[in-house]
Amino acid sequence: MNRDHLEELLVQIDLYVEELFAPPDPVLEAALRRSRDAGLPEINVPRNEGKLLQLLAEIAGARRVLEIGTLGGYSTIHLARALPEDGSLVSLELDERYARVARENVREAGLGERVEVRVGDAKELLARMVEEGEGPFDLAFIDADKEGYPEYLEWALRLSRPGSLILVDNVIRGGSVLDPGDELARATRDLNERIARDPRLSALVLPLIREQIDGLAMARVLGS
Ligand code: SAH
Ligand code: DHB
Ligand code: MG
């Protein structure tokens, strides 16, 4: 099989899975439309990854979820859907305007009661959360500025308990981590190595097909 054919086949398989397991959903489509109309960048997780996030949160039995990087709340809605009635999700976002769009999207999704979007630099917000004894969170999803990832991983660990799940988006970057040609790819490769070697974690990166192939790191926090 030549490479073009293989690539086309992978895309078709991805679409097949997406249509079957993450079919168009009026609430999610409305959220994307609102985000687009407000001029937000279209860098939300794809539909199938959204479903994966929801499923992982369900499997983890998550009651408290932490998200770093809200954008318009698209991934937030998926994660919040996995929560029980009395569950809660805290999502951190630097941009006040994005946060406002996200709050509206979450409210329109009927999840306003379970979700709190906090505005600020996640590094500062996370430091305050640790200081104030917040947590532990059952699941953390890291998807903000990529330069901050190593720090976010440490904060997420401090806000976790044994058994918590830590997820990190965009860790394959079109395969550029294999042979890093830029700073971001190098930093991501370093991060993957850290996650792989961290004795506090049991982890794997799951490659995912997107516009360009990317991946989600999935790490379970081990007991001490
Ligand atoms: N999780 C979203 C996508 C997030 S995009 C989804 O899949 O739907 C990354 C987001 O991180 C952007 O909205 C950006 O404003 C935010 N961000 C960037 N730097 C940040 C920082 N230092 N603290 C908090 N949020 C940050
Ligand atoms: C991009 C994609 C993401 O999932 C993200 O979190 C940030 C940026 C991108 O495609 O540029
Ligand atoms: Mg992302």
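Helices (H or I, at least four residues) and strands (E, at least two) are DSSP runs, numbered from the N terminus. The views below show a predicted model.

**View 1. Leu71 sits in a loop and has a positive phi.** Start between strand E1 (64-68) and helix H4 (74-81): the loop there holds Leu71.

**View 2. A cis peptide bond joins Gly135 to Pro136.** Look at the bond that runs from Gly135 to Pro136. Its omega is near 0 degrees. Where does Pro136 lie? Find helix H6 (122-131), then E4; Pro136 is in the loop between them.

**View 3. Ligand 1 sits in the largest pocket.** Ligand 1 is surrounded by 20 residues. The closest are Val45, Ser75, Glu93, Ala122 and Asp143. What kinds of residue make up this shell? Ten are nonpolar, five are polar and five are charged.

**View 4. Nitrogen atoms of ligand 1 meet polar atoms of Asp121, Ala122 and Tyr152.** Take Ala122 to begin: a backbone N or O atom is 2.8 Å from a ligand 1 nitrogen. Asp121 uses its side chain instead, with a polar atom 3.1 Å from a nitrogen of ligand 1. At Tyr152, an N or O atom of the side chain lies 3.3 Å from a ligand 1 nitrogen. How much of ligand 1 does the protein cover? On its own, ligand 1 has 590 Å² of accessible area, and the protein covers 91% of this.

**View 5. Six named residues surround ligand 2: Ile43, Asp143, Lys146, Asp169, Asn170 and Arg210.** In this shell, one residue is nonpolar, one is polar and four are charged. The space that ligand 2 takes up is the largest pocket. Which side chains come close to its oxygen atoms? From Asp143, a side-chain N or O atom is 2.7 Å from an oxygen of ligand 2. Lys146 places a polar side-chain atom 2.8 Å from a ligand 2 oxygen. Asn170 has a side-chain N or O atom 2.8 Å from an oxygen of ligand 2. Alone, ligand 2 exposes 300 Å², of which the protein buries 61%.

**View 6. Three residues donate to the magnesium ion (ligand 3): Asp143, Asp169 and Asn170.** Asp143 and Asp169 each use OD, and Asn170 uses OD1. How are the donor residues spaced in sequence? The pattern is D-x25-D-N. Asp143 and Asp169 are 26 residues apart, and the pair links distant parts of the chain. Asp143 is in the loop between strand E4 (139-142) and helix H7 (149-158), whereas Asp169 is in strand E5 (residues 165-169).

**View 7. The side chain of Ser176 reaches the backbone oxygen of Arg173.** The distance for this contact is 2.8 Å. Ser176 lies in a loop, with E5 on one side and helix H8 (183-197) on the other. How far is Ser176 from Leu94? In sequence, the two are 82 residues apart. In space, they are 27 Å apart, C-alpha to C-alpha.

Terms used: Residues are numbered from 1 along each chain as its sequence is written. Chains are lettered from A and ligands numbered from 1 in the order in which they are written. This is a predicted model: local features need pLDDT of at least 70, side-chain atom pairs count only at pLDDT 80 or more; totals for chains, interfaces and linings use all residues. Side-chain values use heavy atoms; hydrogens and water are left out. A residue is near a molecule or strand if one of its heavy atoms lies within 4 Å of it. A polar contact is a pair of N or O atoms within 3.5 Å; within protein, one must be able to donate a hydrogen and the other to accept it, and residues adjacent in sequence count only if both atoms are side-chain atoms. Accessible areas come from the Shrake-Rupley method with a 1.4 Å probe; for residues, only the protein chains shown count as cover. On a 1 Å grid over the protein atoms alone, a cavity is a set of points where a 1.4 Å probe fits but cannot get out, and a pocket is an open set with protein on both sides within 12 Å along at least five of seven lines; lining residues have an atom within 4 Å of a point. A molecule sits in a cavity or pocket if more than half of its atoms lie within 2 Å of its grid points. Ala, Val, Leu, Ile, Met, Phe, Trp, Tyr, Cys and Pro count as nonpolar, Asp, Glu, Lys and Arg as charged, and the others, Gly among them, as polar. Donors are N, O and S atoms within 2.8 Å of the metal (3.2 Å for Na, K and Ca); water is not among the atoms, so sites may look incomplete.
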